[in-house]
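User: I'd like to go through this model with you. Could you set out the terms as we go?

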Amino acid sequence: LQETMQRLMADCDSKRIRPLSKSVFLCQAKCCDSGASQEAWQQCLERCSVPLQQSKQVVESEIAQFQHRLQQCAQGCQQEAQNTIQDKQIAQTDQAAIDKVQAKHGSCITACFDEHMKIVPTMTKRIDDNLKKIKAP
């Protein structure tokens, strides 16, 4: 999952963020060429950087939502394991029962990762579609 997310980020960076960054820098360079007041110059610089800030917000928001959903799934697995131990009143000395609960917990976590891996292509498309909507300065 980590490698998949790293590839997603690298792909977003090379295809969308860097070209947008270049446009932002070129726009900001033009701000420096104008003979405007310091206040107007500062406003020009800020105006140029808006698209890049928007693109970072798109990516960060999607990644945060993805991580939150994954965390919730993992917490559900943890809660299920704890409930099983409490409901069945499994003693800490009953290693066979604890091993069984741990195996079920491990399977649950694996299922969470598998399900979230299926979400990555949709999330990638959503990020790309939203980044395409951001206009370069």
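Predicted model: local features only at pLDDT ≥ 70, side-chain atom pairs only at ≥ 80, totals over all residues.

User: OK, what does L8 touch, leaving out residues up to four places away in sequence?

Analyst: L8 touches I63, M123, T124 and I127.

User: Which residues touch the most other members of the largest nonpolar core?

Analyst: They are M5, L8, I63, M123, I127 and L131, out of 16 residues in that core. The elements giving two or more residues to this core are α1 (2-33), α2 (38-87) and α3 (95-133), and α1 supplies the largest share, 6 residues. A nonpolar core here is a set of buried Ala, Val, Leu, Ile, Met, Phe, Trp, Tyr and Cys residues joined through side-chain atoms within 4.5 Å; buried means under 20% relative accessible area, exposed over 50%, and partly exposed in between (1.4 Å probe, protein chains only).

User: And the fold, how many helices and strands?

Analyst: The protein has 3 helices and 0 strands, in the order α-α-α along the sequence, where helices (H or I, at least four residues) and strands (E, at least two) are DSSP runs numbered from the N terminus.

User: What are the overall dimensions of the C-alpha trace?

Analyst: Along its principal axes the trace spans about 80 × 30 × 20 Å. The radius of gyration is 24 Å, whereas a compact globule of 137 residues would have one near 14 Å; the radius is taken over C-alpha atoms, and the globule rule is 2.2 Å times the number of residues to the power 0.38. Buried residues make up 28% of the 137.

User: Switching to M117, where is it found?

Analyst: M117 lies in helix α3, and it counts as partly exposed because its relative accessible area is 33%. Apart from neighbours within four places in sequence, M117 is in contact with L1 and T4, whereas M117 and G35, 82 residues apart in sequence, are 52 Å apart in space, C-alpha to C-alpha.

User: Is S61 buried or partly exposed?

Analyst: S61, in helix α2, is classed as partly exposed because its relative accessibility is 33%.

Key:
Residues numbered from 1 in each chain as written. Heavy atoms only, no water. Contact = heavy atoms within 4.5 Å.
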